[in-house]
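Please look through the sequence and the model shown below before reading on.

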Amino acid sequence: MNNDSSSRIVAHLKSWMAAAAPGAKLPSTRSLVAEYQASPVTVQKALQALTAQGLIESRPGVGTFVRTARTAKPSDYGWQTAALRSPLAALPPASSTMRDVPLNAISFHSGYPARELLPERLVRAALTRAARGDAALSRPPAAGMPELQSWFAHELGASTPAGTTPPNPSDVVVLPGSQSGLSSIFSALVGRGQPLLLESPTYWGAILAAAQAGVHVVPVPTGLDGPDPAELTRAFEETGARVLYAQPNYANPTGAQWSAEKRDQVLDVVRAQGAFLVEDDWAHDFGISSNPVPVASRDDSGHVVYLRSLTKSVSTSIRVAAVIARGPARERILADRAAESMYVSAMLQAAALDVVTQPGWQTHLRSLRHQLESRRDLLVTSLRGHAPAAHIVQVPKGGLNLWVRLPDGTDLDRLARDCEAAGVVIAGGNEWFPAEPAGPFIRLNYSGTNPGAFPEGARIIGQMLERNLS
């Protein structure tokens, strides 16, 4: 018997149940087999379908019954308003970059690379080995597996110049993703109600983490090669802030990379203020025409708190990152993490370490560099040809995104709606500003699926932008 027979039984039983009282007992499986001249497997499929639809319920050892209808009534959660009181901080809405969209859409909105850009073979093999090892059943130390701590410390130490003390493995705290690390860093080092300097524009997740931590955000304008040292000094002195959050390499969303001179200037300002720089090196593995040089590699006095993630480059399902901090700052961050999650899955740590220590990892990164370059250049060419009114602020030397300035007067919400109706999903730039936006921008991810559709996507953006401005 086939699925058609199963569907026929479902239809007949629905008709029978429509006339039956709630709680009525269905005939036995043996009776249904005889009545419908069907196999027991086909009858079971029909009963499973009815169960999934919530029409019947099985009581082991008793039988199967028509489910009693329950009258739905509106729930009253008004009491929670008084119990919760006003929120301590107004949280930003969920980012548009996290939206799920139809598979056939041309997607420029996501913040993650497409599956074909991930080291799938290495990841699958690493997870298999991790499942067979001790990591599958053991609890790791709170600060992370010692071998993984050593790997993170060694990677940063490899770029540390002579005369600067490289980090120790004991300076490393392994995290379940860099987003949770931001929350802990802001809570531990800034404190509720205290000022935090953020580049503007900056990563929307940092803005969200700052709001969740209840800190007072102070925007600092940033340019194509980072913030102006004089403006940064003024912001520190006027607000009394002691922490600056920044992305010196391939910033999200702008793609900016600080020059060597700017790295030294900002570090000098931070040192002079007796402050911390929280360096988010989210795109360390996504260099295209340059290599990332962490500011943390030039600091051994604990002023730079270095955040390094493997989530985007290894796999979105292996949420492993690390923070490298020295002195009491490290202890405070570790204490906050212990209160939040106690430890990071040993399975994920083992898998991440396996991937990045395989010879194939470096081969993958070399290939990834070329693939990102091709995608970036294709999107740049497509926008310049089909959407000339959209100004590419700069062609980034790495990262995953183009930051695009639109003409004054552009209605971003309308543009996003019109593009999506035409099958193109974009992310409006407003959510990357911790205060008022400096103008109408969009962020376009060139690492998404189906790069062959980039020209068509750019054509639609250009067409909808013209309509928006007319």
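How many nonpolar, polar and charged residues does the lining of the largest cavity have, by class? That lining has 5 nonpolar, 1 polar and 2 charged residues, where Ala, Val, Leu, Ile, Met, Phe, Trp, Tyr, Cys and Pro count as nonpolar, Asp, Glu, Lys and Arg as charged, and the others, Gly among them, as polar. The model is predicted, and for this reason local features need pLDDT of at least 70 and side-chain atom pairs count only at pLDDT 80 or more, while totals for chains, interfaces and linings use all residues. Residues are numbered from 1 along each chain as its sequence is written, and side-chain values use heavy atoms, with hydrogens and water left out.

Rolling a probe the size of a water molecule over the atoms shows where empty space is left. On a 1 Å grid over the protein atoms alone, a cavity is a set of points where a 1.4 Å probe fits but cannot get out, whereas a pocket is an open set with protein on both sides within 12 Å along at least five of seven lines, and lining residues have an atom within 4 Å of a point. Grid points are joined across faces, edges and corners, and a volume is the space filled by probe spheres set on the points. The structure holds 3 cavities of 30 Å³ or more. The largest cavity, with a volume of about 50 Å³, is lined by L156, A296, D299, G302, V304, Y306, I324 and R326.

The largest pocket has a volume of about 720 Å³. Of the 26 residues that line this pocket, S110, Y112, P113, A114 and R115 lie nearest its centre, and the lining divides into 12 nonpolar, 9 polar and 5 charged residues. Helix 5 gives the largest share of the lining, 4 residues; helices (H or I, at least four residues) and strands (E, at least two) are DSSP runs, numbered from the N terminus.

Three of the residues nearest the pocket centre, Y112, P113 and A114, are also among those that S447 touches, not counting residues up to four places away in sequence, where contact means heavy atoms within 4.5 Å. S447 lies in the loop between strand 16 (441-445) and helix 16, and S447 is buried, with a relative accessible area of 0%; buried means under 20% relative accessible area, exposed over 50%, and partly exposed in between (1.4 Å probe, protein chains only).

The loop between strand 3 and helix 5 holds H109, which is buried with a relative accessible area of 2%. The side chain of H109 makes a polar contact with the side chain of S107 (2.8 Å), a polar contact being a pair of N or O atoms within 3.5 Å, of which, within protein, one must be able to donate a hydrogen and the other to accept it, and residues adjacent in sequence count only if both atoms are side-chain atoms.

The structure also holds 9 aromatic pairs. F108 and F454 form one that is tilted, at 5.5 Å centre to centre and 50° between the planes. Because F108 lies in the loop between strand 3 (106-107) and helix 5 and F454 in helix 16 (residues 454-469), the pair ties together parts that are 346 residues apart in sequence. Rings of Phe, Tyr and Trp (its six-membered ring) pair if their centres lie within 6.5 Å, and planes under 30 degrees apart count as stacked, over 60 as edge-to-face and the rest as tilted. F108 is buried at a relative accessible area of 0%, and F454 is buried at 1%.

Two helices remain. Helix 13 (residues 346-356) is mostly covered, with 9 of its 11 residues buried, and the cover of those residues includes helix 5 (120-132), helix 6 (146-158) and helix 14 (359-386). Helix 8 (residues 204-213) is likewise mostly covered, with 8 of its 10 residues buried, and these pack against helix 7 (178-190), strand 5 (195-200), strand 6 (216-223) and strand 8 (243-246).
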